[in-house]
Amino acid sequence: MKKKIEIEIIDKKQIPETEPERQYYFMDIAKAYVAQLAEKKGAPLTFHVTTFGCQMNARDSEKLVGILERVGYVETATEEADFVIYNTCTVRENANNKVYGRLGVLQNYKKKNPHMMIGLCGCMMQEPSVVEKLKESYRFVDLVFGTHNIYKFAELLVTAMESTSMTIDIWKDTDKIVEDLPVERKYSFKSGVNIMFGCNNFCSYCIVPYVRGRERSREPKEILREIEALVADGVVEVMLLGQNVNSYGRNLEHPVTFAQLLQEIEKIEGLERIRFMTSHPKDLSDELIEVMKNSTKICKHLHLPLQSGSSRILKIMNRHYDKEHYLELVDKLRAAVPDIALTTDIIVGFPGETEEDFEETLDVVRNVRYDSAFTFIYSRRTGTPAAAMEEQIPEEIVKERFDRLLKEVQRISAEKAGVLTGQTLPVLIEEVNGQDGTLVTGRLSNNSIVHLPGTAAMIGKIYPVKLLECRGFYYVGKAEEA
Ligand code: SAH
Ligand code: SF4
Ligand code: F3S
């Protein structure tokens with residue numbers, strides 16, 4: 001059978017068995033293949049990585065980009081590229097459907113480009129039914145891999161290039177964490193940092209524990225080493241990533257708490273801002289609140305998913321906290337960090353949710369007054385306990401509740417926007433404004449967006465900015481003399 005793409009296959013001798021050496025070995029081979037193909041094409045090969053889903057996926061995509069660039073591919077802004085990867089999400093049905101829709105478009109590009117390869121990875125690939133469907137109806141896809149073996153991307157890329165058919169490699173779970181692979185950051189001055197992988201919480205609606213596997217924490221020294229290297233490379237803000245950062249470190253050989261890790265990170269000279277997500281209310285400790293209170297680097301913003309305001313529903317969701325405990329946490333947080341911005345995630349229409357349950361959610365929303373909230377319509381995910389529950393809520397009722405919730409959330413956010421007007425506060429400048437080139441855009445510690453006159457030279461630096469007025473959800477300001 002004909003190879004998918006025309007390359008001279010390289011004989012492999014003494015493939016290293018240890019990681020990451022093995023992957024660097026395969027990067028060299030991939031590099032030789034990419035060079036062969038580029039010569040035939042008469043131009044460098046291009047790639048495009050499209051990311052769906054959360055910040056974990058965004059960080060994983062940076063790892064894919066790091067490897068692709070190292071083997072000689074050049075990034076391009078469109079999906080009409082020689083290598084396109086979709087890093088997928090399956091947390092809700094609509095995230096999942098988007099991918100199938102777009103694959104049809106990719107197939108057309110592929111018909112026009114003999115060099116083109118298509119790769120699929122991420123959470124959706126961990127579902128056996130998805131892989132079956134791809135095998136049946138999407139034979140033009142070249143490479144399929146999952147969340148646990150993403151570190152093996154270089155090796156899988158080589159296999160796919162040499163293969164005549166679809167390369168599929170999905171692991172059910174892993175206890176492995178491979179350090180020190182190349183990664184290409186999207187921003188020069190800020191970076192996500194994984195502190196843990198997977199999730200052990202099994203909230204009854206959620207598919208993440210099934211597709212991301214069991215919780216694994218990275219060693220504190222590896223995390224600190226990574227952040228130190230990032231800071232040496234110009235990073236001033238890190239976002240610590242995990243599905244439940246508050247349970248970080250529990251199953252390390254020498255257990256460490258998240259609060260202790262934060263205190264170590266705080267000591268890194270040159271690092272200016274620390275963010276983290278996601279916090280699970282059940283594990284948010286007083287120790288953490290105390291550390292946040294005393295920190296000069298931890299940002300004044302906490303994303304604290306509520307999911308539901310009804311203690312009855314929270315119990316069936318397997319969230320391990322109730323309405324009262326959640327509200328108590330909010331009080332403690334506000335007492336410790338008075339101007340902290342609070343954001344949340346809320347699910348509407350969980351099986352069995354009554355009008356009274358929904359009213360409890362509205363009650364928490366009015367009580368807490370979130371700066372912003374992500375609201376989701378419950379999506380039935382095959383294999384989760386909630387999917388099998390009777391009393392799935394009819395669509396019209398869910399839609400109606402969703403609209404009411406959204407209105408309330410938006411009304412409160414609008415009321416809260418602008419509370420800092422008149423103050424002078426530090427702003428990290430992130431980019432030149434897309435609409436008006438005389439302006440730059442940055443963020444306050446509480447994550448609010450600020451536009452101010454400035455130039456590209458300011459990007460990545462923190463300036464004291466006077467907040468002159470609030471328009472909608474952002475501030476307009478002016479940099480003060482430092
Ligand atoms: N680990 C994080 C959230 C990860 S998923 C946490 O525990 O908060 C991001 C958000 O997607 C969740 O907070 C939840 O609100 C939403 N979500 C997860 N599963 C969902 C489902 N089946 N239907 C609708 N929303 C869901
Ligand atoms: Fe899903 Fe719950 Fe884990 Fe968050 S904590 S990823 S909602 S199971
Ligand atoms: Fe989606 Fe996976 Fe994140 S399912 S939300 S990309 S962990």
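This is a predicted model: local features need pLDDT of at least 70, side-chain atom pairs count only at pLDDT 80 or more; totals for chains, interfaces and linings use all residues.
Me: How many salt bridges does a search of the whole structure find?
Reply: The search covers the whole structure. A pair counts when a side-chain nitrogen of Lys or Arg lies within 4 Å of a carboxyl oxygen of Asp or Glu. The number of salt bridges found is 42.

Me: R59 forms a salt bridge with which residue?
Reply: The closest N and O atoms of the pair are 2.8 Å apart, and the partner of R59 is E226. R59 lies in helix 2 (residues 55-70) and the partner in helix 7 (residues 220-232), so the pair ties together parts that are 167 residues apart in sequence. The residue asked for is E226.

Me: Is E226 buried or exposed?
Reply: The term buried applies under 20% relative accessible area. E226 has a relative accessibility of 19%, so this residue falls within that class. R59, at 4%, also counts as buried. The class of E226 is therefore buried.

Me: Which residue forms a salt bridge with D363?
Reply: The salt bridge of D363 is to K323, with 2.8 Å between the closest N and O atoms. Because D363 belongs to helix 12 (residues 355-368) and K323 to helix 11 (residues 323-336), the pair ties together parts 40 residues apart in sequence. The partner is K323.

Me: What distance separates the closest N and O atoms of E355 and R404?
Reply: E355 and R404 form a salt bridge. E355 lies in helix 12 and R404 in helix 13 (residues 395-416), so parts that are 49 residues apart in sequence are tied together. Both residues also belong to a network of salt bridges with E353, E359, E400 and R401. The closest N and O atoms are separated by 2.6 Å.

Me: Which side chain of opposite charge is nearest to E266?
Reply: E266, in helix 8 (residues 258-266), is buried yet has no salt bridge. A salt bridge requires a nitrogen and an oxygen within 4 Å, and the nearest side chain of opposite charge is 5.7 Å away. The side chain of E266 does reach the backbone nitrogen of T296 at 2.9 Å. The nearest side chain of opposite charge is that of K297.

Me: What is the length of the polar contact that joins the side chains of K41 and D82?
Reply: K41 is in helix 1 (residues 21-41) and is partly exposed, with a relative accessible area of 34%. Leaving aside neighbours within four places in sequence, K41 is in contact with T46, D82 and H115. The polar contact between the side chains of K41 and D82 is 2.7 Å.

Me: Which helix packs against the buried residues of helix 3?
Reply: The buried residues of helix 3 (residues 93-112) are A95, N96, V99, Y100, L103 and L106. They pack against strand 3 (83-88) and strand 4 (117-122), as well as a helix at 128-137. That helix is helix 4.

Me: A polar side-chain atom of which residue lies 2.7 Å from an oxygen atom of ligand 1?
Reply: Of the 15 residues around ligand 1, R92, Q243, Q307, D345 and S379 come nearest. S379 places a polar backbone atom 2.8 Å from a nitrogen atom of the ligand, and Y205 a polar backbone atom 3.0 Å from a nitrogen atom. The side-chain atom at 2.7 Å from a ligand oxygen belongs to Q307.

Terms used. Residues are numbered from 1 along each chain as its sequence is written. Chains are lettered from A and ligands numbered from 1 in the order in which they are written. Side-chain values use heavy atoms; hydrogens and water are left out. Helices (H or I, at least four residues) and strands (E, at least two) are DSSP runs, numbered from the N terminus. Buried means under 20% relative accessible area, exposed over 50%, partly exposed in between (1.4 Å probe, protein chains only). Lys and Arg count as positive and Asp and Glu as negative; His and the chain ends are not counted. A polar contact is a pair of N or O atoms within 3.5 Å; within protein, one must be able to donate a hydrogen and the other to accept it, and residues adjacent in sequence count only if both atoms are side-chain atoms. Contact means heavy atoms within 4.5 Å. A residue is near a molecule or strand if one of its heavy atoms lies within 4 Å of it.
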